[in-house]
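Let's take a quick tour of a protein and the molecule it holds. Have a look at the sequence and the 3D view first.

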Amino acid sequence: MNSIYNKTFKDLEEYFIENNEKSYKATQLFEWLYSKRVKSFDEMSNIKKDVIQKLKEDFVVDKLVIKKVERDKDVNKYLFELCDGNLIEAVLMMHDYGKSICISSQVGCNMGCKFCESGRQKKVRNLLPSEMVLQILQVEEDINDRISHVVVMGIGEPFDNYDNLVDFIDIINHPKGIQIGSRHITVSTCGIIPKIEEFSRLPYQVNLAISLHAATNEKRNKIMPINKVYPLENLIEVIKKYIAKTNRRVTFEYIMLKEVNDSIEDANKLCDLLKGMNCYVNLIPYNETNNIEFKRSKKDTILQFYDIIKKRNIAVTIRREFGSNISAACGQLRSKKEDL
Ligand code: SAH
């Protein structure tokens, strides 16, 4: 059955017009779903009975099953079951500026990054827009509070599920929808060039983050197979175009992997690569997992790396860590569950 949460505002306007109804019904429907947060069509009391009946024939007001929640003081980790039994994860982080959620975009992932738990598990399927929207709605319901920021950085490669991603962004950003401001939405990609180009043409001011993790093709090829398809020089070129077109700052994520990409030389190469770009670097202390041999760089090494970048006048932060004691790192809750 088709979830009502798959539908953008425009889809619903078209749906009502096709069914000889006024398009303003889309506003009413969005208000019931996203302001009043009803759980069934029957609760939509200002919509005529025959329209409700038609909606019930065409759509469902569905839900994901929350299989497990792990709670820490500044992070909650959710394991969801989809209607076909697949499992996905979302992580809620409590910041001083608000609450952010890291959502999944696919069941598994085909990008095969060597350090990543999700990549080890291969893509089963794309998530529907509704399955991304419901991660937000159900976490908000669980905490009885609003989420201010959304990052698409959980399981999956969002640009390998592009159309559903764009519908999802439209629904959560819409003034009658969940109303997450576009500047509060970040999409993270391993670097699928044609989709970065498409993304730059979108009307939304959504943030883009690039999982870089290495500053030469030689190193990046070893840890991120996607680099063999879209090599670094082409990736940097398209990002420069993206910045020129959108006038927005891009984030580069850089996982610190012990003795893989964390030397002084690596830091200098990274600075050479990013010189003059409107960007900032987010250094990520690697979350070690039992199944993968990579180790986290030492604290001093991370600080040294940070200092080099800072001295070269490139904006840089070290990612604050949330919930490493409840395996908040990507894909780890799901993979633990599958090991049971
Ligand atoms: N596929 C997208 C988004 C999902 S991965 C992307 O590649 O950006 C989100 C981020 O988590 C990426 O930067 C990814 O490289 C990183 N990541 C994966 N495994 C990690 C781990 N064990 N520790 C820290 N970061 C990890």
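Here is a short briefing on the cores, a strand pair and the ligand's surroundings.

This is a predicted model, so to speak: local features need pLDDT of at least 70, side-chain atom pairs count only at pLDDT 80 or more, and totals for chains, interfaces and linings use all residues. Residues are numbered from 1 along each chain as its sequence is written, and side-chain values use heavy atoms, with hydrogens and water left out.

**Nonpolar cores**
- A nonpolar core is a set of buried Ala, Val, Leu, Ile, Met, Phe, Trp, Tyr and Cys residues joined through side-chain atoms within 4.5 Å; buried means under 20% relative accessible area (1.4 Å probe, protein chains only).
- The largest one has 104 residues, and Leu29, Phe168, Phe199, Phe252 and Leu274 touch the most other members.
- Domain 1 (4-58) and domain 2 (65-339) each give this core at least three residues; the bounds come from an automatic or database domain assignment.
- Another core, of eight residues, lies apart from it, and Val91, Met153, Ala209 and Phe322 are among them.

**A strand pair**
- Strand 1 (residues 65-71) and strand 2 (residues 75-81) run antiparallel and are joined by six bridges; strands are DSSP runs (E, at least two residues), numbered from the N terminus, and two of them pair if DSSP finds at least two bridges between them.
- A hairpin of three residues links strand 1 to strand 2.
- Lys68 sits opposite Leu79 in strand 2.

**Around the ligand**
- The ligand is surrounded by 18 residues (a heavy atom within 4 Å), and the closest are Glu157, Ser188, Ser211, His213 and Asn287.
- An N or O atom in the side chain of Ser188 is 2.6 Å from a ligand oxygen atom.
- A polar side-chain atom of Ser211 lies 2.5 Å from an oxygen atom of the ligand.

Key:
Buried < 20%, exposed > 50% of the residue type's maximum accessible area, 1.4 Å probe, protein only. Helix = DSSP H or I, 4+ residues; strand = E, 2+ residues; numbered from the N terminus. Polar contact = N/O pair within 3.5 Å; in protein donor to acceptor, adjacent residues only side chain to side chain.
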